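This report concerns side-chain pairing and helix packing in one protein model. The structure is shown below, followed by the description.

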Amino acid sequence: MATDSAAGQSPSRGKRADAQRNRQAVLAAAAEVFVTAGVDAPIRQIAARAGVGMATIYRHFPTRADLVTAVYRHQIEECAEAGPNLLASVDSPLDALRQWIDLFVDFLVTKHGLADALQSDNDRFAALHAYFLDRLLPVCAQLLDAAVEAGDIRPGTHPYELMRGIGNLCVGRDDDPRYDPRRLIALLLQGLQRPHAS
């Protein structure tokens, strides 16, 4: 029978907690590095940002594709969890929708290079895309429905169309420093709003 440590935790539970913290640090660092250096960034750069050794990264993510997939799954989860949290904490459903779209755009910007990184594994890419839709479409729908119910936006906008449109506006951002997709996304949101009587 295992004996608990003075802190009330078994040594294996403490190791698991450390491993989970390291994993989260690696995912956060990799997401930041991918934005600036792309998904082909050196693993040592991610390890330095996370404050862990390269062996720790390879222990959790044996291949680059494993790391890339885990980063995007983690970001999908963060984006999915943010929707209901924003609805509960901000002043209006429209503000919640705006802030969620900002997070969604951040995610799409980080997603650059994903298809190339997983090109050799089409099944993995297809599964990740399906997971993306399964998790984020209902959140987008919830935000849209709340904004319609509050009278902030017109009814009839489909979540898939909105997400796809935002995605299309983000294409080409890396190729042209003069192009800021957020300006056009703000105009798109303006077009969805109901004109309020003065």
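A search of the whole structure finds six salt bridges, a salt bridge being a side-chain nitrogen of Lys or Arg within 4 Å of a carboxyl oxygen of Asp or Glu. The model is predicted, so local features need pLDDT of at least 70 and side-chain atom pairs count only at pLDDT 80 or more, while totals for chains, interfaces and linings use all residues. Residues are numbered from 1 along each chain as its sequence is written, and side-chain values use heavy atoms, with hydrogens and water left out.

**Salt bridges**

Side chains of opposite charge can pair when their charged atoms come close.

| Asp18 | Arg21 | 2.1 Å |

Asp18 and Arg21 are both in helix H1, three residues apart, which is about one turn of the helix. Helices here are DSSP runs (H or I, at least four residues), numbered from the N terminus. Asp18 is partly exposed at 39% relative accessibility, whereas Arg21 is exposed, with a relative accessible area of 52%. For these classes, buried means under 20% relative accessible area, exposed over 50%, and partly exposed in between, with a 1.4 Å probe and protein chains only.

Glu32 is partly exposed at a relative accessible area of 41%, and Arg49 is partly exposed at 44%.

Asp95 and Arg98 lie three residues apart in helix H5, and are therefore separated by about one helical turn. Asp95 is partly exposed, with a relative accessible area of 28%, and Arg98 is partly exposed at 33%. Elsewhere, Asp102, Asp106 and Arg182 are linked in a network of salt bridges.

**Helix packing**

Two packed helices are described by the angle between their axes and the distance between the axes. Axes are lines fitted to C-alpha atoms, for helices over the stretch in contact, and angles run from 0 to 180 degrees between N-to-C directions.

H4 and H5 pack with their axes 9 Å apart, at an angle of about 175°. H4 is therefore roughly antiparallel to H5, the term applying to angles over 145 degrees. The residues of this contact (heavy atoms within 4.5 Å) divide into 12 nonpolar, four polar and no charged. Ala, Val, Leu, Ile, Met, Phe, Trp, Tyr, Cys and Pro count as nonpolar, Asp, Glu, Lys and Arg as charged, and the others, Gly among them, as polar.

The axes of H7 and H8 come within 9 Å and cross at roughly 110°. These helices are therefore roughly perpendicular to each other, a class that spans 65 to 115 degrees. Their contact comprises 11 nonpolar residues, no polar and no charged. On the H8 side, Pro159, Tyr160, Leu162 and Met163 take part.

**Nonpolar core**

The largest nonpolar core has 53 residues, and Ile46 and Trp100 have the most contacts inside it. Such a core is a set of buried Ala, Val, Leu, Ile, Met, Phe, Trp, Tyr and Cys residues joined through side-chain atoms within 4.5 Å. Among the elements that give two or more residues to this core are helix H4 (64–89), helix H5 (93–110), helix H7 (122–149) and helix H8 (159–170). Leaving aside its neighbours within four places in sequence, Trp100 touches residues including Cys79, Leu86, Leu136, Cys140 and Met163.

Note on methods: Angles under 35 degrees count as roughly parallel, over 145 as roughly antiparallel, 65 to 115 as roughly perpendicular and the rest as oblique.
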